[in-house]
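Reader: I have a model open and a few things to check. Can we walk through it?

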Amino acid sequence: RRTPAAEITEALERSVRWQSARDIAESLGHKEETVAAWIEAGGEHVTVFHQARARGLHLERVQVDELWSFVGKKPQHLTGSEPDPTAVGLRWIGIALKVRSRFVVTWHIGASRDKVFGRTFIGRIKACSDGQPPLFEADGCDMYEDGIRWHYKEKAPLLPGERRKQGRPRLRLHPDVCLAQVIKHHRGRRLIKVERRIRLGTQARANQTIEQTRCGTQVNTSYI
């Protein structure tokens with residue numbers, strides 16, 4: 001690129017601080033399309049770098065959450081006459097954070113919080129790890145439990161007197177799997193109750209991991 005690297009870096013740093021491409025272009029004296037191209041290229045580069053380096057991680061405790069945004073138009077402004085309806089509208093962004101170091105393990109973007117979203121997201125977390133299931137801390141969204149059940153399975157041991165049969169082996173949920181949920185109840189905009197529960201695994205497993213990481217004393221989603 002002909003533009004000095006320092007100027008492109010400044011533009012990317014501003015975009016990370018939620019400054020719009022239009023504002024960045026005006027302040028640096030470039031076209032909005034040029035700045036948008038820098039941001040897109042920077043995002044692609046970061047993704048490739050992260051996917052190459054974030055592998056084999058020991059994830060003893062991971063907090064997952066999602067936030068929403070929109071592309072082009074908000075859902076209520078869609079008319080159905082858009083050239084590519086799949087390219088605009090609501091987007092959900094799932095983020096996974098390693099609690100001890102605050103490292104962003106991975107992320108996933110999708111149009112809805114369904115089973116496909118959950119399985120893809122949890123699959124990306126497992127691909128970044130050493131394969132051992134961490135303590136997952138999440139809200140009450142069902143897609144997390146489904147995704148964990150889908151990816152963290154192993155061959156079930158043979159029962160007494162049972163012979164190994166040909167074909168697909170019987171599978172079971174990995175015994176170290178643990179999913180803890182933090183569910184916040186509101187009345188209007190007021191928080192009235194916080195419910196904590198173990199959806200998969202045991203409370204003892206969750207307590208042991210929380211004590212080892214030394215980040216809080218109970219199940220929470222404070223770091224994400």
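Reader: Which residues in α2 meet α3?
Author: This is a predicted model, to begin with. Ala 21, Arg 22, Ile 24 and Ala 25 are the α2 residues. On α3 they meet Glu 32, Val 35, Ala 36 and Ile 39.

Reader: What classes of residue make up that contact?
Author: Six nonpolar and two charged residues, with no polar ones.

Reader: And what angle do the two helices pack at?
Author: About 115 degrees, with the axes 8 Å apart. Helix α2 covers residues 21–28 and helix α3 covers residues 32–53.

Reader: Is the crossing left-handed or right-handed?
Author: Right-handed, as α2 passes α3.

Reader: Switching to α6. Which residues are buried there?
Author: Arg 205, Ala 206, Thr 209, Ile 210 and Thr 213, in a helix that spans residues 203–213. They sit on the same side of α6, because they cover an arc of only 130 degrees around the axis.

Reader: Why would residues spaced like that point the same way?
Author: An α-helix has 3.6 residues a turn, so residues three or four places apart point the same way.

Reader: What covers that buried side of α6?
Author: The cover includes four strands: β1 (61–71), β4 (135–138), β7 (178–187) and β8 (190–200).

Reader: Which exposed residues are on the face turned away?
Author: Ala 204 and Glu 211.

Reader: What happens just after α6?
Author: Arg 214 takes a positive phi there, about 55 degrees.

Reader: Are Cys 141 and Cys 178 buried or exposed?
Author: Cys 141 counts as buried, at 15% relative accessibility. Cys 178 counts as buried too, at 0%. The cut-off for buried is under 20%.

Reader: Last one, Thr 106. Where is it found?
Author: In strand β3, residues 103–110. Thr 106 has a relative accessible area of 7%, so this residue is buried.

Reader: What is Thr 106 in contact with, leaving aside neighbours within four places in sequence?
Author: His 50, Gly 94, Ile 95, Ala 96, Phe 121, Arg 124, Ile 125 and Cys 128.

Notes. Residues are numbered from 1 along each chain as its sequence is written. This is a predicted model: local features need pLDDT of at least 70, side-chain atom pairs count only at pLDDT 80 or more; totals for chains, interfaces and linings use all residues. Side-chain values use heavy atoms; hydrogens and water are left out. Buried means under 20% relative accessible area, exposed over 50%, partly exposed in between (1.4 Å probe, protein chains only). Axes are lines fitted to C-alpha atoms, for helices over the stretch in contact, and angles run from 0 to 180 degrees between N-to-C directions. A crossing is left-handed if the near helix is turned anticlockwise from the far one by less than a right angle, and right-handed if clockwise. Contact means heavy atoms within 4.5 Å. Ala, Val, Leu, Ile, Met, Phe, Trp, Tyr, Cys and Pro count as nonpolar, Asp, Glu, Lys and Arg as charged, and the others, Gly among them, as polar. The arc is that of the directions from the helix axis to the C-beta atoms.
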